[in-house]
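Please look over the sequence and the structure below before reading on. The paragraphs after them go from one residue to the whole fold and then back to single parts.

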Amino acid sequence: MAKFFNDNAVYFSKAPIKDPTSYEDTVSRIRSHLTPTSTVLEVGGGTVTVALKLASSCTEILCTDIAENMIRIAEERAAAASVRNCKFQVADAANPPEGQFDVVLSLNVINVCEYPSAVMRVLRSRLKPGGIIVSKIHFAPNNWWQRFTLPVKQLLGKMPPIVHFLDFPLLVELHEKTGFDVIDQVEYKTTPHCLVIARKKEDSDV
Ligand SMILES: C[S@@+](CC[C@H](N)C(=O)[O-])C[C@H]1O[C@@H](n2cnc3c(N)ncnc32)[C@H](O)[C@@H]1O
């Protein structure tokens with residue numbers, strides 16, 4: 001899994017933001033849940049474009065990613081931007097650093113994790129009581145063609161080895177089934193993707 005993202009780290013880091021309006025909306029929705037004392041864990045942060053934007057709105061962001069090349073570029077970017085409260089660690093979202101955070105960010109990563117429900121549960125365990133998770137995914141509305149061509153693209157190294165075809169309702173359901181109350185949700189129709197913000201439910205037996 002890490003190989004695909006290590007091999008493509010430079011490509012990802014140079015890819016332009018496809019839909020700047022939606023991107024800014026996502027950043028501002030996340031920021032509305034941050035306070036100057038917030039601690040944030042990001043999983044699958046990639047080259048941390050979002051974390052760098054949020055860093056001034058919280059105490060610290062621990063940026064993690066399974067791919068060390070992503071983390072290396074992320075560290076360089078943070079240094080170039082003089083952002084000092086982003087820390088970096090190579091880690092699988094299925095086994096994130098120990099700790100209790102106010103906010104967990106999982107942006108465009110849960111659908112490439114092998115066991116999304118298990119990852120959601122472990123991320124829930126890293127949240128303080130009342131903590132917030134923010135999840136985003138891109139999806140193809142009529143995905144029969146993507147499903148059909150995926151194995152070929154994977155064989156050619158053009159797509160990650162694991163891709164789950166989640167969509168907006170499935171992402172909401174994933175949160176509800178793994179011990180969260182959804183408090184905000186939005187579908188961005190331009191480049192189809194969606195954002196779910198959910199609060200950790202206490203005493204949830206999931
Ligand atoms: C599509 S990129 C998204 C990057 C960033 N979150 C964003 O939204 O721009 C997916 C990222 O998830 C990372 N990733 C994939 N599987 C992972 C896993 N099991 N644990 C942690 N990170 C993972 C990849 O290395 C990559 O950086």
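Is Asp19 buried, partly exposed or exposed? In this predicted model, Asp19 is partly exposed, because 15 other C-beta atoms lie within 10 Å of its own. A residue needs 20 or more such atoms to count as buried, and 12 or fewer to count as exposed. Asp19 sits in the loop between α2 (9-14) and α3 (20-31). If its neighbours within four places in sequence are left aside, its contacts are Tyr188, Thr190 and Thr191. Asp19 and Thr191 are 172 residues apart in sequence, yet their C-alpha atoms are 6.8 Å apart in space.

Now consider the protein as a whole. The protein has eight helices and seven strands. Its radius of gyration is 16 Å, close to the 17 Å that the globule rule gives for 206 residues, so the protein is as compact as a globular protein of that length. The C-alpha trace spans about 45 × 40 × 30 Å along its principal axes. Of the 206 residues, 36% count as buried. Take the contacts between residues at least 6 apart in sequence: 67% of them join residues at least 24 apart.

The next topic is the sheet. Strands of a sheet pair through backbone hydrogen bonds, and the pairing is either parallel or antiparallel. Here seven strands form an open sheet in the order β3-β2-β1-β4-β5-β7-β6, and the pairing is mixed. Its edge strands are β3 (86-90) and β6 (180-188), each of which pairs on one side only. On average, neighbouring strands of this sheet are turned by 15 degrees against each other, direction ignored.

Two of these pairings can be followed in detail. Strand β5 (residues 127-138) pairs with strand β7 (residues 193-200) in the antiparallel sense, over seven bridges. Within this pairing, Val134 has Ile197 in β7 as its bridge partner. Strands β6 and β7 also run antiparallel, and eight bridges join them. Here Val186 stands opposite Leu195 in β7. β6 and β7 form a hairpin, with four residues between them.

A helix lies against this part of the sheet. Helix α8 (residues 168-177) packs on the sheet and touches β5, β6 and β7. The direction of α8 makes about 165 degrees with that of β6. Which residues of α8 are buried? They are Leu171, Leu174 and His175. These residues are on the same side of α8, because they cover an arc of only 95 degrees around the axis. What covers the buried residues of α8 includes α6, β5, β6 and β7. After α8 comes Gly179, whose phi is positive, near 95 degrees.

Leaving aside neighbours within four places in sequence, Leu54 is in contact with Val27, Ile30, Arg31, Leu34, Val40 and Ile61.

Backbone angles are the next point. Most residues other than glycine have a negative phi. Which value does phi take at Val48? Val48 is not a glycine, but its phi is positive, about 55 degrees. Val48 lies in the loop between β1 (39-43) and α4 (49-54). Val48 is buried, because 27 other C-beta atoms lie within 10 Å. Asn108 is not a glycine either, and its phi is positive at about 60 degrees. Asn108 is found in the loop between β4 (101-107) and α6 (116-125). With 15 other C-beta atoms within 10 Å, Asn108 is partly exposed.

The last stop is Glu202, in the segment after β7. Is Glu202 buried or exposed? Glu202 counts as exposed, because it has 9 C-beta neighbours inside 10 Å. Glu202 and Asp181 are 21 residues apart in sequence, and their C-alpha atoms are 9.8 Å apart in space.

Technical notes
Residues numbered from 1 in each chain as written. Predicted model: local features only at pLDDT ≥ 70, side-chain atom pairs only at ≥ 80, totals over all residues. Helix = DSSP H or I, 4+ residues; strand = E, 2+ residues; numbered from the N terminus. Contact = placed C-beta atoms within 7 Å. Rg over C-alpha atoms; globule rule 2.2 N^0.38 Å. Pairing = 2+ DSSP bridges. Axes fitted to C-alpha atoms, helices over the stretch in contact; angles between N-to-C directions. Arc of directions from axis to C-beta.
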